[in-house]
Amino acid sequence: MSGTEDREQGGNTSYGHKPFKRSRSHFADRITADGRDGWPVEAGRYRLVVSRACPWASRALVSRRLLGLESALSLAVADPIQDDRSWRFTLDKGAKDPVLGIGYLSEAYDARERGYPGGVSVPAIVDVPTRALVTNDYQQITLDLATEWTGLHRPGAPDLYPERLRGEIDEVMDGIYRDVNNGVYRAGFAAGQGEYEAAYVDVFRRLDLVSERLAGQRYLVGDTITEADIRLFTTLVRFDDVYHGHFKCNRSKLAEDPVLWAYVRDLYQTPGFGDTVDFDHIKRHYYQVHTGINPTGIVPLGPDLSGWTAPHHREQLGGRPFGDGTPPGPVPPGEEVPARGRP
């Protein structure tokens, strides 16, 4: 989850007790090549704060890897288990981020706007010199990484938001966001039967449409990976582990749809996707943090993860994952997903 609803909805115990509403990003400044918002693209100046549990933050993780921005945009990974102050850096030595020197992401929010009453969300980009938040606009961050940070992209970086396809990409992403990315949350945090059923119907109607679309083509738009695939992937990779059971989206598992299951495994096995996914963080966050809908905090042992590395055969549809570019290099030291989070 983005976390934009944390403070506004009354903390972890409130989930499932009031209608779910995702807040708009309050800090929508953009980091651009020309610095028109006061934040110019600059190597080493900014720090990307994520949780590997959060699908919205995971978009930024995948984009950063595919574009080769690891050395230009440093990474802070929050503990998947939040407390009432939201995202915290208890995975780091001394329970503080080693670059920003803060224990909670909320401190960067407070440095930007004292007394800010809203949610503390990831992904967030923080200005390292001032330790103040720049942006938490989860919809725009990855688009800007693809289009405004081009001067710092690695050689061979793919074009994730090609100009000639942007209209189609935007249209596809809009439906996926409304019915799938956000739809699973509307179902999982529903406070009433009707609200839940409407969201459930939306989720599976859209998944069926996406499955039909992907039956004859390897990627959502064009013949290469785009922003649309990244946004769908980060929900699909969590589906059977948390959304099917925890969020009651249980008409069928993703693994029961041959097209979607092959599609998401194809992406998972593509460098830059699966090497950012931590299934341990994902499961512990959803089942232990959302005490309003899982009061025992018990984390299920399943499902079996071994299928993620099985052959998918999607290459038979053609397509070129990186277009005229190349795969990203190895995961930088210190950013590897621990063994317990991998298949």
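Modeller: Two residues are in contact when heavy atoms lie within 4.5 Å. Helices are DSSP runs (H or I, at least four residues), numbered from the N terminus. The model is predicted, so that local features need pLDDT of at least 70, side-chain atom pairs count only at pLDDT 80 or more, and totals for chains, interfaces and linings use all residues. Residues are numbered from 1 along each chain as its sequence is written, and side-chain values use heavy atoms, with hydrogens and water left out.

Biologist: Which helices do the buried residues of α8 pack against?

Modeller: Helix α8 spans residues 258-268, and ten of its eleven residues are buried, that is, under 20% relative accessible area with a 1.4 Å probe and protein chains only. Among them are Trp261, Arg265 and Tyr268. The partners of these buried residues are α6 (193-214), α7 (227-243) and α9 (279-289).

Biologist: Which residue caps the N-terminal end of α8?

Modeller: The backbone nitrogen of Val259 lies 3.0 Å from a side-chain oxygen. That oxygen belongs to the capping residue, Asp257.

Biologist: Why does His281 count as buried?

Modeller: His281 is found in helix α9. Leaving aside residues up to four places away in sequence, His281 touches Arg52, Ala53, Val77, Pro80 and Leu91. His281 counts as buried because its relative accessibility is 8%.

Biologist: At what angle do the axes of α4 and α6 cross?

Modeller: Axes are lines fitted to C-alpha atoms, for helices over the stretch in contact, and angles run from 0 to 180 degrees between N-to-C directions. The axes of α4 (residues 166-181) and α6 come within 8 Å and cross at roughly 145°. The residues making this contact include Val172 and Ile176 of α4 and Val203 and Leu207 of α6. To restate the value asked for, the crossing angle is roughly 145°.

Biologist: Which helix gives the most to the lining of the largest cavity?

Modeller: A cavity is a set of points on a 1 Å grid over the protein atoms alone where a 1.4 Å probe fits but cannot get out, and lining residues have an atom within 4 Å of a point. The largest cavity holds about 50 Å³ of space, the volume being that filled by probe spheres set on the points, which are joined across faces, edges and corners. Its lining includes Asp29, Ile125 and Trp149. With four residues, the helix giving the most to this lining is α3 (residues 138-147).

Biologist: What is the volume of the second largest cavity?

Modeller: The structure holds two cavities of 30 Å³ or more. Arg52, Leu75 and Glu335 are among the residues lining the second largest cavity. The volume of this second largest cavity is about 40 Å³.

Conventions:
Buried < 20%, exposed > 50% of the residue type's maximum accessible area, 1.4 Å probe, protein only. Helix = DSSP H or I, 4+ residues; strand = E, 2+ residues; numbered from the N terminus. Polar contact = N/O pair within 3.5 Å; in protein donor to acceptor, adjacent residues only side chain to side chain. 1 Å grid on protein atoms, 1.4 Å probe; cavity = no way out; pocket = protein on both sides within 12 Å on 5 of 7 lines; lining within 4 Å.
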